[in-house]
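Please keep the structure in view while reading.

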Number of protein chains: 4
Amino acid sequence: MKMVGVMGAGDCNGEIYEQARKVGAGIAKAGGILVCGGLGGVMEGACQGAYEAGGQTVGILPGPDRTHANPYVTIPIVTDLGHARNVLVVRSSDILVAIAGGYGTLSEISIALKLGRPVIGLHTWPNMEGIQYVETAEKALDTVLALVYETI
Amino acid sequence: MKMVGVMGAGDCNGEIYEQARKVGAGIAKAGGILVCGGLGGVMEGACQGAYEAGGQTVGILPGPDRTHANPYVTIPIVTDLGHARNVLVVRSSDILVAIAGGYGTLSEISIALKLGRPVIGLHTWPNMEGIQYVETAEKALDTVLALVYETI
Amino acid sequence: MKMVGVMGAGDCNGEIYEQARKVGAGIAKAGGILVCGGLGGVMEGACQGAYEAGGQTVGILPGPDRTHANPYVTIPIVTDLGHARNVLVVRSSDILVAIAGGYGTLSEISIALKLGRPVIGLHTWPNMEGIQYVETAEKALDTVLALVYETI
Amino acid sequence: MKMVGVMGAGDCNGEIYEQARKVGAGIAKAGGILVCGGLGGVMEGACQGAYEAGGQTVGILPGPDRTHANPYVTIPIVTDLGHARNVLVVRSSDILVAIAGGYGTLSEISIALKLGRPVIGLHTWPNMEGIQYVETAEKALDTVLALVYETI
């Protein structure tokens with residue numbers, strides 16, 4: 001089983017949303033389970049892509065119920081842990097893709113690198129040793145798949 | 001989507017394991033997603049039943065990795081939260097079945113009742129107002145399904 | 001250092017409040033640090049007693065800020081973990097006193113007994129093996145002190 | 001009450017340790033309560049400084065017991081939450097000082113900036129908008145005190 005995390009902000013522009021959607025679709029087509037924080041923006045884009053490709057989408061939600069889950073989450077995990085749930089997104093993923101993102105995403109990247117998880121970066125926080133930066137959703141997927149089949 | 005939690009100890013005898021397996025199988029056949037703590041004993045029995053019936057099984061694990069997940073968990077959620085993960089099992093479930101169990105199970109029952117979740121009890125902590133006690137796995141399933149179709 | 005937990009509901013009547021206050025005062029006078037969930041009711045009674053006796057009171061709060069801390073908490077710990085913070089109250093205490101209480105308190109008692117912490121019970125959930133039941137705040141304190149000096 | 005967080009790695013060289021010690025001492029002398037992750041390195045330096053100045057030191061520990069608390073923690077909070085406890089260090093602090101540090105510290109800085117907490121940076125992650133960078137422990141303290149008396 002391959003669990004692939006997608007990290008990114010709960011708000012994003014249309015272009016970033018489309019990139020997230022392509023990444024989500026590719027993960028599902030490769031047989032991976034998508035893991036994310038379950039909210040809007042990049043998380044919703046990735047879930048929509050995976051959902052439309054017939055995949056499973058795990059949303060590890062910060063709030064006390066499913067109210068804020070995006071409509072493409074098939075497996076909602078309700079934590080009521082607030083930002084502490086970010087650690088669960090990371091720990092539950094074999095590999096992670098960071099797409100754009102703000103401080104919440106940076107906290108997830110930090111934990112992922114601390115735990116030694118591979119992190120692919122797409123238009124995200126720059127100049128971080130340990131992130132494998134790519135320029136397109138297609139390259140992000142290529143890198144995820146290469147790493148997943150090598151290491152998991 | 002119906003998320004049905006099964007709570008019970010990580011060790012149990014063969015008879016209790018079979019009851020858990022029947023409950024898990026019934027949940028999966030009814031189209032529900034099984035949620036549990038992902039370890040052995042009652043959790044494994046429920047997962048095995050659901051898995052063999054073709055269902056999804058969410059294991060919300062207490063440890064830092066998947067090492068202790070039982071082999072029938074299809075969606076492992078790695079929390080590294082120890083016993084605090086019990087709250088996530090409850091919050092992620094629409095309804096819960098308690099099967100036998102010790103103090104860990106009692107902590108989950110308590111949180112479930114505090115949050116107003118329906119709790120079905122099968123050979124578990126006795127005399128608790130709020131638990132709907134049943135005597136067999138079949139009756140537990142009947143009650144779950146009746147409540148799920150009424151309330152969710 | 002002795003950390004003594006007090007568990008109980010966020011609402012209580014005046015008589016229970018006074019018992020909690022006596023327990024809190026006794027803990028402080030014995031040099032212990034009071035640990036609790038930081039809210040009202042039994043938690044506030046215990047904090048008031050300890051505070052007025054010059055002691056330190058740790059309130060491990062469920063919400064995202066200090067808004068709901070009772071006024072006698074000297075060390076507020078802000079968790080934003082909801083009910084999952086109950087486990088932290090237990091783990092941070094060497095010994096615990098349960099005073100009255102509902103399902104939240106029962107979840108804390110369960111975790112405490114699971115972790116092998118001594119639990120003194122005062123007008124709380126009955127008939128639980130592992131709880132040392134007492135009838136008065138004075139007896140609760142005697143038992144706490146006897147156990148603390150024996151075992152810690 | 002002023003709760004001042006110190007964030008930094010569990011290992012550090014002697015020079016960084018001394019800076020942390022000066023910061024901790026200054027916090028205690030100003031009447032603040034020190035909050036940190038309770039382990040070694042920068043956390044221990046800050047606790048030692050505050051402890052020797054007669055202050056209270058809160059250590060919010062990641063493990064299941066107090067075993068790894070540094071000897072200068074006066075209020076150990078045992079979480080068993082692993083890295084998720086980082087969020088509690090941030091939420092429990094009115095203001096935070098980041099001293100050197102690796103990815104764990106970066107995750108704390110990220111959460112602090114996300115939550116709008118003031119962050120003073122001393123030889124830590126560079127070029128982050130939102131951090132107020134200083135060059136010495138003395139300057140860090142000046143900045144903390146100026147902000148605390150302005151805003152809290």
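Are the faces of strand 1 of chain C covered or uncovered? In this predicted model, both faces of that strand are covered. One side carries C:Met3, C:Gly5 and C:Met7, the other carries C:Val4 and C:Val6, and all of these residues are buried.

**Strand 1 of chain C and its surroundings**

- Because five of the five residues of strand 1 (residues 3-7) of chain C are buried, this strand is largely enclosed by the rest of the structure.
- Strand 1 of chain C pairs with strand 2 (residues 33-36) of chain C in the parallel sense, over three bridges. Within strand 2 of chain C, C:Leu34 stands opposite C:Val4.
- Between strand 1 and strand 2 of chain C, the chain passes through helix 1 (residues 14-29) of chain C, forming a right-handed β-α-β crossover.
- Strand 1 of chain C also runs parallel to strand 5 (residues 95-99) of chain C, to which four bridges join it. Here C:Leu96 is the bridge partner of C:Gly5.

**The sheet of chain A**

- Chain A contains an open sheet of seven strands in the order 4-3-2-1-5-6-7, with parallel pairing.
- Strand 4 (75-78) and strand 7 (131-134) of chain A are the edge strands, each pairing on one side only.
- Neighbouring strands of this sheet are turned by 25° against each other on average, direction ignored.
- Strand 2 (residues 33-36) and strand 3 (residues 57-61) of chain A run parallel and are joined by three bridges; A:Val35 has A:Val58 as its bridge partner.

**A helix on the sheet**

- Helix 2 (residues 41-52) of chain A packs on the sheet and touches strand 1 (3-7), strand 2, strand 3 and strand 5 (95-99) of chain A.
- The direction of helix 2 of chain A makes about 165° with that of strand 2 of chain A.

Notes:
Residues are numbered from 1 along each chain as its sequence is written. Chains are lettered from A and ligands numbered from 1 in the order in which they are written. This is a predicted model: local features need pLDDT of at least 70, side-chain atom pairs count only at pLDDT 80 or more; totals for chains, interfaces and linings use all residues. Side-chain values use heavy atoms; hydrogens and water are left out. Buried means under 20% relative accessible area, exposed over 50%, partly exposed in between (1.4 Å probe, protein chains only). Helices (H or I, at least four residues) and strands (E, at least two) are DSSP runs, numbered from the N terminus. Two strands pair if DSSP finds at least two bridges between them. A crossover is right-handed if, with the strands pointing away from the viewer, the path from the first strand over the helix to the second runs clockwise. Axes are lines fitted to C-alpha atoms, for helices over the stretch in contact, and angles run from 0 to 180 degrees between N-to-C directions. Contact means heavy atoms within 4.5 Å.
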